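Me: I have a model open and would like to go through parts of it with you. Could we take it residue by residue and then turn to the ligand?

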Amino acid sequence: MYIERKMNAVRQKEQVVTFTDGNHQTSFDLYSPQALEILSQLWSKAMVNSKLHYDVKWMGIPIIQFPEDIVMMQELIWKIKPDVIVECGVAHGGSLIFYSSLMEIIGKGSVLGVDIDIRAHNRAAIEAHPLSKRIKLLQGSSIAPETMAQVKSTIAGAETVLVILDSNHSKEHVAKEIQLYKDFVSKDSYLVVMDGAQAFMHDLPWGKPEWKEDNPLKAIEEFLAQDKNFEMDPSYNRLKVTSNPKGFLKRIA
Ligand SMILES: C[S@@+](CC[C@H](N)C(=O)[O-])C[C@H]1O[C@@H](n2cnc3c(N)ncnc32)[C@H](O)[C@@H]1O
């Protein structure tokens, strides 16, 4: 569970960490579960603030993910062994290359990347990559009817489908994407909704106050409250440092 309180300082003395919030101080043993939770959240915020997660490549192509989340996606893809992954939000394409590299080892599968703006140099780098044979790119808004029609026809016939939402992170957009893409997800596979941690980034130096309410996490929570065909799988958040809190939604019915 992420901690909502604003932490202004962390001090360490004899294995005790003290978190200061205004005049209020809370101390935990450094090795306690509580300290692990809070430090993980603070690490996530510091990492996003420094934009370190923009400085990761997968097989030569930038992937905008926390390393911990990449490892968790690897576990998920290895478990599900999808015939198709649909990802909304391509950027440079590193995540598409990452999923394809696992599919190459698994020996099956293709990836459909949807993005409203696939830059020419990114497309060229993806298409020149040795793993491009497993990748199809589709330019358009992820929620536009013409995009949906193309997604449907591209994945027709695939038995095991995994969907990843990592495009526009406003609550409204993510809520629409969830409704439009949830039925593509096959039973026992997952709808992965990324960047719920935007909810905790509103007070970064370059954060936006509105992110506190306007974020993917709110869309996830509202969806889970009304759709009982999906449940949140917390095991993929167990490393605690994550951009995707509550983001791994398993289709159970
Ligand atoms: C966070 S980046 C994707 C990162 C990528 N999945 C990765 O892991 O490297 C978000 C992308 O979503 C795209 N995007 C924004 N709004 C969109 C929309 N309405 N439909 C589709 N893509 C959109 C942006 O153009 C941007 O490339």
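Me: To start, which strand does Met232 lie in?

Reply: Met232 lies in strand E11, which covers residues 230-232; helices (H or I, at least four residues) and strands (E, at least two) are DSSP runs, numbered from the N terminus. Please keep in mind that this is a predicted model, in which local features need pLDDT of at least 70 and side-chain atom pairs count only at pLDDT 80 or more, while totals for chains, interfaces and linings use all residues. Residues are numbered from 1 along each chain as its sequence is written, and side-chain values use heavy atoms, with hydrogens and water left out.

Me: How far is Met232 from Lys250 in space?

Reply: Their C-alpha atoms are 6.2 Å apart, with a separation of 18 residues in sequence.

Me: What about Asp214 and Gly196, how far apart are they?

Reply: Asp214 and Gly196 are also 18 residues apart in sequence, and their C-alpha atoms are 9.9 Å apart in space. Asp214 itself belongs to the loop between E10 and H7, where it counts as partly exposed because its relative accessibility is 30%.

Me: Where does Leu204 lie, then?

Reply: Leu204 is in the loop between strand E10 (190-193) and helix H7 (216-226). With a relative accessible area of 8%, Leu204 is buried, and its C-alpha is 11 Å from that of Leu42, a residue 162 positions away in sequence.

Me: Gln198, buried or exposed?

Reply: Gln198 is buried, since its relative accessible area is 15%, and its place is in the loop between E10 and H7. From Gln198 to Asn229 the C-alpha distance is 25 Å, over 31 residues of sequence.

Me: Switching to backbone angles, what is the phi of Asp195?

Reply: Phi of Asp195 is near 70°, a positive value in a residue other than glycine. Most residues other than glycine have a negative phi. Asp195 lies in the loop between E10 and H7 and is partly exposed, given its relative accessibility of 22%.

Me: And what is the phi of Ala91?

Reply: Ala91 is not a glycine, and its phi is positive at about 55°. Ala91 is found in the loop between strand E6 (84-88) and helix H3 (94-106), and with a relative accessible area of 33% it is partly exposed.

Me: Which residues come nearest to the ligand?

Reply: Of the 18 residues around the ligand (a heavy atom within 4 Å), Ile64, Gln65, Gly89, Asp115 and Asp166 come nearest.

Technical notes:
Buried means under 20% relative accessible area, exposed over 50%, partly exposed in between (1.4 Å probe, protein chains only).
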